[in-house]
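Please keep the sequence and the structure in view while reading.

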Amino acid sequence: MKAVKRFPWLANVTLYGCLFAGGDFVHQMIAQREEMDWKHTRNVAIVAISFHGNFNYFWLRALESRFPGKSPGMLFRKLLLDQSFASPLATSVFYTGVSFLENKDDVLEDWREKFLNTYKTGLMYWPFMQFLNFILMPLYLRTVFMGCCAFLWATFLCFSRQSGDGTASVALAFLYHLSLLYIYIHLILYQQHVQWA
């Protein structure tokens, strides 16, 4: 916590980027790929650190400066602006940024195919996470909190980008795969516990 208070920009942006890239790592583990695609994880990290972490750091401060406090009116304004401006921008930058770093011929292809569905799916997740963020977190921890939420969101985005269309059904399929991974890890840990006992 001291590092976040002492170097708020650097700590928030770095943690956000690491958590977002961690989402891609988890996606690849869930997909049970034979070999990790480290270039894709690197590209996700570049987009997350260069844009998402920085944007969210300054965006959250601007929102708090313009609409200070936790009154219902101020919370509503912050949530409305966040979901009508920041969310579509962040989703657009993710799809186009990763496509650009992969040298795709058409960097807008994923965006055209998945943006609207992803944005609608995000409306079932981000307003609640941001509400908790605005209510519970001090300003210097809000980007880190968003990074924690973005870890799960990035895992879904990477899942959707590789094998989905950004819809809620893809999110549910992703959660199903995540629960299988959770069970698998617990079985391994249980077996090790039995062997050590």
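A helix, as the word is used here, is a DSSP run of H or I with at least four residues, and helices are numbered from the N terminus. By that rule, S99 has its place in helix α4. The model is a predicted one. Its protein chain contains eight helices and zero strands. The notes below move from the whole chain to packed helices, aromatic rings and individual residues.

**The chain as a whole**

- Read from the N terminus, the elements of the protein chain follow the order α-α-α-α-α-α-α-α.
- The protein chain has 197 residues, of which 46% are buried.
- Among contacts in the protein chain between residues at least 6 apart in sequence, 69% link residues at least 24 apart.

**Helices α3 and α4**

- Two packed helices are described by the angle between their axes and the distance between the axes.
- Helix α3 covers residues 38–66 and helix α4 covers residues 72–101; their axes come within 10 Å and cross at roughly 160 degrees.
- Angles over 145 degrees count as roughly antiparallel, and α3 and α4 are therefore roughly antiparallel to each other.
- The crossing of α3 and α4 is right-handed.
- On the α3 side, the residues that make this contact include V44, I46, V47, F51, F55, W59 and L63.
- On the α4 side, L81, F85, L89, V93, F94 and L101 are among the contacting residues.
- By residue type, the contact of α3 with α4 consists of 16 nonpolar, four polar and three charged residues.

**Helices α2 and α3**

- Helix α2 spans residues 8–30, and its axis comes within 7 Å of the axis of α3, with a crossing of roughly 140 degrees.
- This angle makes α2 oblique to α3.
- The crossing of α2 and α3 is right-handed.
- The contact of α2 with α3 is formed by 14 nonpolar, nine polar and two charged residues.

**Aromatic rings**

- A pair of aromatic rings is described by the distance of the centres and the angle of the planes.
- Across the whole structure, a search finds 15 aromatic pairs.
- In one of these pairs, the ring centres of F55 and W59 lie 5.7 Å apart and the planes meet at 15 degrees, so the pair is stacked.
- F55 and W59 are four residues apart in helix α3, and therefore about one helical turn separates them.
- Buried means under 20% relative accessible area; F55 has 15% and is therefore buried.
- W59 has a relative accessibility of 13%, so W59 also counts as buried.
- For Y125 and W126, the ring centres are 5.2 Å apart and the planes are at 75 degrees, so this pair is edge-to-face.
- Y125 and W126 are both buried.
- One aromatic cluster is formed by Y16, F20, F94 and Y95.

- When residues up to four places away in sequence are not counted, N56 touches Y16, T143 and M146.
- S99, in helix α4, has a relative accessible area of 0% and is therefore buried.
- Apart from its neighbours within four places in sequence, S99 is in contact with K104, V107, D110 and R161.

**Partly exposed residues and their partners in space**

- L152 lies in helix α7, which comprises residues 142–163.
- With a relative accessibility of 30%, L152 counts as partly exposed.
- L152 and G23 are 129 residues apart along the chain, while their C-alpha atoms are separated by 6.1 Å.
- K120 belongs to helix α5, which comprises residues 109–122.
- K120 counts as partly exposed, with a relative accessibility of 46%.
- Between K120 and P88 there are 32 residues of separation in sequence and 9.8 Å in space, from C-alpha to C-alpha.

Definitions and conventions
Residues are numbered from 1 along each chain as its sequence is written. This is a predicted model: local features need pLDDT of at least 70, side-chain atom pairs count only at pLDDT 80 or more; totals for chains, interfaces and linings use all residues. Side-chain values use heavy atoms; hydrogens and water are left out. Axes are lines fitted to C-alpha atoms, for helices over the stretch in contact, and angles run from 0 to 180 degrees between N-to-C directions. Helices (H or I, at least four residues) and strands (E, at least two) are DSSP runs, numbered from the N terminus. Angles under 35 degrees count as roughly parallel, over 145 as roughly antiparallel, 65 to 115 as roughly perpendicular and the rest as oblique. A crossing is left-handed if the near helix is turned anticlockwise from the far one by less than a right angle, and right-handed if clockwise. Contact means heavy atoms within 4.5 Å. Ala, Val, Leu, Ile, Met, Phe, Trp, Tyr, Cys and Pro count as nonpolar, Asp, Glu, Lys and Arg as charged, and the others, Gly among them, as polar. Rings of Phe, Tyr and Trp (its six-membered ring) pair if their centres lie within 6.5 Å; planes under 30 degrees apart count as stacked, over 60 as edge-to-face and the rest as tilted. Buried means under 20% relative accessible area, exposed over 50%, partly exposed in between (1.4 Å probe, protein chains only).
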